[in-house]
Amino acid sequence: LPKQAQKPKLIEQACSLSLKTKPAPKGSKPMGEINIVFLPSHRMRALNKKFLKKDRDTDVLAFNYDPAPCKPSPDQPFGDILISSAKVRSQAKDLGHSPLKETLTLVCHGSLHLLGFDDSTKSQKSAMTRLQDKVLATLKSN
C-alpha cells in the first residue's frame, strides 16, 4: 500500500462510520472484530477465483463470519475486508484522486458488503456509492 495511504486510524474510522450509515438490510447488528487486509494482486486474484469463481484481480472482497451459536460480542470476529494494493494504486490513478481516498472508498465499500449490501445491479451500486460518498465527506469534515 502506498505510504500516503497508510493511515490506520482514518481507515478504522471509515470502517466504523460505514457500519453506522443505516441499519443493515439483513437486520443484523454488526458486532465484533473486523480485519482489513491489504494483499498483492496475485493473492486477490486467487481468492476471487476460489470464492467467486472469477479469475481476475478485484479491488475488494468482504467475508462475514458465521455468527456464533451464542450471543454476539465485541471480542468475536465479525468479518474480513480484503483490499488489493495494486487496485488501490491503479484505480486512484484512473480516477484522478489519491491512493488514500481510494483506500478509504474501498474500506467503506467492503464494510457495506459486510452489512449485506449488494452492488450487482446499477441501482444497488448507485446506493452503495451514495453511502460511500457520505462517509468520505464525513471523514473530511473531522
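Select S111 and show what surrounds it: S111 touches C15, S18, L19 and I81, leaving aside residues up to four places away in sequence (contact means heavy atoms within 4.5 Å). S111 is found in helix 4 and is buried, at a relative accessible area of 0%. Buried means under 20% relative accessible area, exposed over 50%, and partly exposed in between, with a 1.4 Å probe and protein chains only. Helices (H or I, at least four residues) and strands (E, at least two) are DSSP runs numbered from the N terminus.

Two notes on the model before moving on. This is a predicted model, in which local features need pLDDT of at least 70 and side-chain atom pairs count only at pLDDT 80 or more, while totals for chains, interfaces and linings use all residues. Residues are numbered from 1 along each chain as its sequence is written, and side-chain values use heavy atoms, with hydrogens and water left out.

**Whole chain**

Zoom out and colour by secondary structure. The protein chain has five helices and three strands, in the order α-β-α-β-β-α-α-α from the N terminus on. Of its 142 residues, 36% are buried. Among contacts between residues at least 6 apart in sequence, 64% join residues at least 24 apart.

**Helix 1**

Select residues 8-19, which are helix 1. Its 12 residues, at 1.5 Å a residue, should span 16 Å, and the end C-alpha atoms are 17 Å apart, which agrees; the expected span is 1.5 Å times one less than the number of residues. Which residues of helix 1 are buried? They are I11, A14, C15, S18 and L19. Looking down the axis of helix 1, these buried residues fall within an arc of 130 degrees, so they line one face of the helix; the arc is that of the directions from the helix axis to the C-beta atoms. K9 and E12 are exposed and sit on the face turned away from the buried side.

**Cysteines**

The structure holds zero disulfides (a disulfide is a pair of cysteine sulfur atoms within 2.5 Å). C15 is buried at 7% relative accessible area, and C108 is buried at 0%.

Select the three strands, which form an open sheet in the order 1-3-2 with mixed pairing. Two strands pair if DSSP finds at least two bridges between them. Strand 1 (33-39) and strand 2 (60-64) stand at the edges with a single partner strand each, so one side of each is left without a neighbour in the sheet. Neighbouring strands are turned by 15 degrees against each other on average, direction ignored. Strand 1 and strand 3 (residues 77-84) run parallel and are joined by seven bridges. Pick I36 next: its bridge partner in strand 3 is I81.

**Helices on the sheet**

Axes are lines fitted to C-alpha atoms, for helices over the stretch in contact, and angles run from 0 to 180 degrees between N-to-C directions.

**Last stop**

Finish at T138, in helix 5 (residues 122-141). T138 is partly exposed, with a relative accessible area of 31%. Draw a C-alpha to C-alpha distance from T138 to A14: the two are 9.0 Å apart in space and 124 residues apart in sequence.
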